[in-house]
Amino acid sequence: VELVESGGGLVQAGGSLRLSCAASGSIFSINAMGWYRQAPGKQRELVATITRGGSTMYADSVKGRFTISSDNAKNTVYLQMNSLKPEDTAVYYCAADRTYRAASIYNIDYWGQGTQVTVSS
């Protein structure tokens, strides 16, 4: 499975960005996909996940601001990020989990290369 992210960039605080993650390969084997992020000097952390059935979950820090969605016809997962804050600045990674719901970094089977999101104050 290959995951390719796009959509990162520089935005002012309060602005919006939409990240995309296109999956290819043995997609049938994926049970859930998610977005993680890693800021400089910090550990990689969960942002949001979505299962094959459409069930979603979010980190408390992004609830009400970020929305994860999927387009199964395009094999693509999206992360709509609104009301961005400087603390959202990080490299955002797409992730895929073959067995669980992509909620634990230890269960992730595939990672994308990452896309930088920078929020200026």
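**The largest pocket and its surroundings**

Guide: The lining of the largest pocket is made up of seven nonpolar, six polar and two charged residues (Ala, Val, Leu, Ile, Met, Phe, Trp, Tyr, Cys and Pro count as nonpolar, Asp, Glu, Lys and Arg as charged, and the others, Gly among them, as polar). The model is predicted, so local features need pLDDT of at least 70 and side-chain atom pairs pLDDT 80 or more, whereas totals for chains, interfaces and linings use all residues. Residues are numbered from 1 along each chain as its sequence is written, and side-chain values use heavy atoms, without hydrogens and water.

The volume of this pocket is about 220 Å³ (a pocket is an open set of points on a 1 Å grid over the protein atoms alone where a 1.4 Å probe fits, with protein on both sides within 12 Å along at least five of seven lines; lining residues have an atom within 4 Å of a point). The volume is the space filled by probe spheres set on the points, which are joined across faces, edges and corners. Among the 15 lining residues, I27, M33, R52, N72 and V77 are the closest to the centre. Strands β4, β5, β7 and β8 each give two or more residues to the lining (strands are DSSP runs of E, at least two residues, numbered from the N terminus).

M33 also belongs to the largest nonpolar core, which has 28 residues; M33, W35, L79, M81 and Y92 have the most contacts inside this core (a core joins buried Ala, Val, Leu, Ile, Met, Phe, Trp, Tyr and Cys residues through side-chain atoms within 4.5 Å). At least two residues of this core come from each of β3 (17–24), β4 (32–38), β5 (45–51), β7 (66–71), β8 (76–81), β9 (90–97) and β11 (115–120). Apart from it lies another core, of six residues, including A32, Y36, L46 and A95.

Strand β8 also holds T76. T76 counts as buried because its relative accessibility is 9%, where buried means under 20% relative accessible area, with a 1.4 Å probe and protein chains only. The T76 side chain reaches the backbone oxygen of K74 at 2.9 Å. Leaving aside residues up to four places away in sequence, T76 touches S20, C21, A22, S69, S70 and D71 (contact means heavy atoms within 4.5 Å). With such sequence neighbours again set aside, M81 touches G15, S16, L17, L19, R65, F66, Y92 and V117.

How values were computed. Buried < 20%, exposed > 50% of the residue type's maximum accessible area, 1.4 Å probe, protein only. Helix = DSSP H or I, 4+ residues; strand = E, 2+ residues; numbered from the N terminus. Polar contact = N/O pair within 3.5 Å; in protein donor to acceptor, adjacent residues only side chain to side chain.
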